[in-house]
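Subject: Structure for you to look at

Hello,

I am passing on the structure below, followed by notes on what was found in it. Please read them with the structure open.

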Amino acid sequence: MTDSTIEALNQKLDRLIEAVTRLAPPPVPQTDLAVADCFVWQADPGYLEPVRKVNRVDIGLIRGVDRVRDILVENTERFAAGHAANNVLLWGARGMGKSSLVKAVHAEINAKAKSDLPLKLIEIHREDIDTLPRLMGQVKAAPFRFILFCDDLSFDHDDTSYKSLKAALEGGVEGRPANVIFYATSNRRHLLPRDMIDNERSTAINPSEAVEEKVSLSDRFGLWLGFHKCSQDEYLDMVNGYAGHHGLTIDPEQLRAEALEWATTRGSRSGRVAWQFTQDLAGRLGKPLND
């Protein structure tokens with residue numbers, strides 16, 4: 001074999017290696033838990049992506065839920081201090097600040113904490129809930145304490161990933177790591193649609209056992225915090241709080257009338273509706289919203 005032939009083969013081999021390298025999946029980024037207090041779990045490839053700027057509001061702006069706010073703060077403070085605490089399910093009316101409260105409480109706890117190891121918040125998407133055991137395996141040996149947070153958690157027909165969640169929360173051999181707690185929000189108290197539960201009751205050989213299997217998931221949450229529709233006064237209190245916080249100067253009676261009209265056109269009153277009205281008002285006044 002001549003030198004020119006060997007050289008040609010080497011060049012082809014190099015091109016083949018380059019092509020195979022491009023087809024290979026990129027390496028999994030290394031997670032540095034010290035770079036941020038909030039992360040998003042990217043199930044594929046299994047990486048905690050840091051969130052530099054968290055989308056949240058000040059805890060003082062979340063109105064109409066004082067009792068559940070205090071309970072959640074107390075539970076989170078105990079957990080952050082290394083004491084016993086419960087998994088929490090925040091359930092109820094849409095737009096009443098369930099997910100906002102979780103993020104606000106996390107910020108409040110870290111603002112008050114004197115420890116060099118801040119509490120970490122990790123969001124896991126609903127569709128990745130079956131990878132929760134893998135996520136727990138990654139963080140259980142870390143020196144930090146973690147709130148694993150799933151927003152709008154619910155399960156539909158033929159969805160069996162709720163069984164993975166049950167085992168990960170309380171039922172597995174290892175159990176939940178001591179440095180991990182799970183918070184979830186949902187519009188459903190039992191996380192499963194009622195017709196799914198009713199169907200189990202009507203078709204199962206032993207209806208009570210079948211229903212028990214479906215609703216026992218919510219029993220894994222030691223705290224159930226209910227969020228209910230707000231009154232007109234609570235809605236207006238939210239609007240006034242947002243307007244004051246963002247420096248939106250407007251006649252109080254005009255603010256009240258416009259806020260009520262906005263709620264009427266939306267057909268509901270909630271913290272979300274109050275915030276959407278505030279955004280519209282700021283835009284009409286030509287005022288920027290504070291971070």
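Asp280 and Arg284 form a salt bridge through their side chains, with 2.8 Å from N to O. The two residues sit four apart in helix α10 (residues 271-285), so about one helical turn separates them. Asp280 is partly exposed, with a relative accessible area of 29%, and Arg284 is partly exposed too, at 48%. Please keep in mind that this is a predicted model.

The count of salt bridges comes to eight. Two others are in helix α2 (residues 66-80). In one of them, Arg69 pairs with Asp66, and their closest N and O atoms are 3.5 Å apart. These two are three residues apart in the helix, which means a separation of about one turn. Glu74 has a relative accessible area of 46% and Arg78 one of 31%, so both count as partly exposed.

There is also a surface patch of positive charge, where Arg94, Lys229, Arg266 and Arg272 gather. Of these, Arg266 belongs to helix α9 (residues 252-266) and is partly exposed, with a relative accessible area of 42%.

Last, is His106 buried or exposed? His106, in helix α3 (residues 98-112), is buried, because its relative accessible area is 1% and buried means under 20%. Its side chain makes a polar contact with the side chain of Arg56, at 3.3 Å.

Regards

Key: Residues are numbered from 1 along each chain as its sequence is written. This is a predicted model: local features need pLDDT of at least 70, side-chain atom pairs count only at pLDDT 80 or more; totals for chains, interfaces and linings use all residues. Side-chain values use heavy atoms; hydrogens and water are left out. Patches are made of residues with over 30% relative accessible area and no salt bridge: like charges are joined within 9 Å, nonpolar side chains (Val, Leu, Ile, Met, Phe, Trp, Tyr) within 5 Å. Accessible areas come from the Shrake-Rupley method with a 1.4 Å probe; for residues, only the protein chains shown count as cover. A salt bridge is a side-chain nitrogen of Lys or Arg within 4 Å of a carboxyl oxygen of Asp or Glu. Lys and Arg count as positive and Asp and Glu as negative; His and the chain ends are not counted. The place of a charge is taken as NZ of Lys, CZ of Arg, CG of Asp or CD of Glu. Buried means under 20% relative accessible area, exposed over 50%, partly exposed in between (1.4 Å probe, protein chains only). A polar contact is a pair of N or O atoms within 3.5 Å; within protein, one must be able to donate a hydrogen and the other to accept it, and residues adjacent in sequence count only if both atoms are side-chain atoms.
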